[in-house]
Amino acid sequence: MKSKRERIIETGSTLFRQNGIQNTSMEQIAEAVPVSKMTIYNYFQSKEGLLDQVVDRLLSNWDDRFRRMVGEADDAIGALKNMARFWDAEPYSELFMKDLLEYYPVLAQRMFSYSKEHLIPEAEKLIFRGQQSGQLRKDVSPHVLMVFMLGLKELFARPEMLASFEDIHSVSEQITSIIYYGIINPEWRERTAGKQ
């Protein structure tokens with residue numbers, strides 16, 4: 001049986017995800033567990049203290065899921081595709097992320113920093129392995145690919161950049177598409193083949 005503390009974290013996580021952080025009160029969490037509101041304050045001192053634990057749990061789950069999904073791939077391309085699925089499968093809602101960015105920027109920055117320091121370096125290793133195996137382009141130097149990845153890192157490490165987007169998942173899908181296929185329309189490429 002889960003401890004009271006665990007049940008509070010899980011319930012808070014679920015309600016924050018479903019309703020957004022700002023629309024979820026400590027009373028709602030207490031009622032859903034069920035425990036007294038004072039019990040939640042005894043464990044976490046504040047809503048931000050509970051949210052801090054929710055973010056910790058999220059980061060731990062990210063790490064486990066990421067390593068599992070990458071480990072299940074047969075090769076670098078499969079691992080990169082699994083990584084794209086990993087981000088698309090993120091269970092936290094747009095409302096949760098927008099509230100986090102606007103009202104709890106320190107926690108949002110911690111999430112972005114974790115990704116930058118732990119998950120992105122794994123992606124970089126996959127790109128290098130993909131180049132070595134011949135699956136990824138070798139006509140682009142590893143250094144250029146690293147600069148490209150660092151540019152993406154910097155973009156996603158700046159919460160104010162993401163806060164301007166309506167649909168963060170759509171942005172993620174579009175960036176993944178650019179990584180795989182570039183920005184040139186395939187039809188135009190076919191029409192102009194041999195003319196360049």
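The chain has 11 helices and zero strands, where helices are DSSP runs of H or I with at least four residues, strands are runs of E with at least two, and numbering starts at the N terminus. What you see is a predicted model, in which local features need pLDDT of at least 70 and side-chain atom pairs count only at pLDDT 80 or more, while totals for chains, interfaces and linings use all residues. Residues are numbered from 1 along each chain as its sequence is written, and side-chain values use heavy atoms, with hydrogens and water left out.

First, the chain as a whole. Of its 196 residues, 38% count as buried; buried means under 20% relative accessible area, exposed means over 50%, and partly exposed is in between, with a 1.4 Å probe and protein chains only. The accessible surface comes to about 11700 Å², and 55% of that belongs to carbon and sulfur atoms. These areas come from the Shrake-Rupley method with a 1.4 Å probe, and for residues only the protein chains shown count as cover. Contact here means heavy atoms within 4.5 Å. Among contacts between residues at least 6 apart in sequence, 67% join residues at least 24 apart.

Helix α6, residues 94-103, and helix α7, residues 105-133, have axes that come within 5 Å and cross at roughly 115°. The axes are lines fitted to C-alpha atoms, for helices over the stretch in contact, and angles run from 0 to 180 degrees between N-to-C directions. On the α6 side the contact is made by Met97, Leu100, Leu101, Glu102 and Tyr103, and on the α7 side by Pro105, Leu107, Ala108, Met111 and Phe112. By class, that is nine nonpolar, no polar and one charged residues. The nonpolar class is Ala, Val, Leu, Ile, Met, Phe, Trp, Tyr, Cys and Pro; the charged class is Asp, Glu, Lys and Arg; the others, Gly among them, are polar.

Now the salt bridges. There are six in the structure, each being a side-chain nitrogen of Lys or Arg within 4 Å of a carboxyl oxygen of Asp or Glu. Side chains of opposite charge can pair when their charged atoms come close.

Which residue does arginine 110 pair with? Its partner is aspartate 52, and the closest N and O atoms are 2.5 Å apart. This pair links distant parts of the chain, with arginine 110 in helix α7 and aspartate 52 in helix α4, residues 47-71, 58 residues apart. Salt bridges that share partners join Asp52, Asp56 and Arg110 into one network. Arginine 110 counts as partly exposed because its relative accessible area is 27%, and aspartate 52 counts as partly exposed at 22%.

Lysine 37 pairs with glutamate 27, with the closest N and O atoms 2.6 Å apart. Lysine 37 sits in helix α3, residues 37-44, and glutamate 27 in helix α2, residues 26-32. A further bridge joins lysine 2 to glutamate 10, at 2.8 Å between the closest N and O atoms.

Last, the surface. Phe148, Ile179, Tyr180 and Tyr181 form a nonpolar patch with about 410 Å² of accessible area together. Patch residues have over 30% relative accessible area and no salt bridge; like charges are joined within 9 Å, and nonpolar side chains (Val, Leu, Ile, Met, Phe, Trp, Tyr) within 5 Å. Helix α10, residues 168-181, gives the largest share, three residues. Tyrosine 181 is in that helix, and tyrosine 181 counts as exposed because its relative accessibility is 60%.
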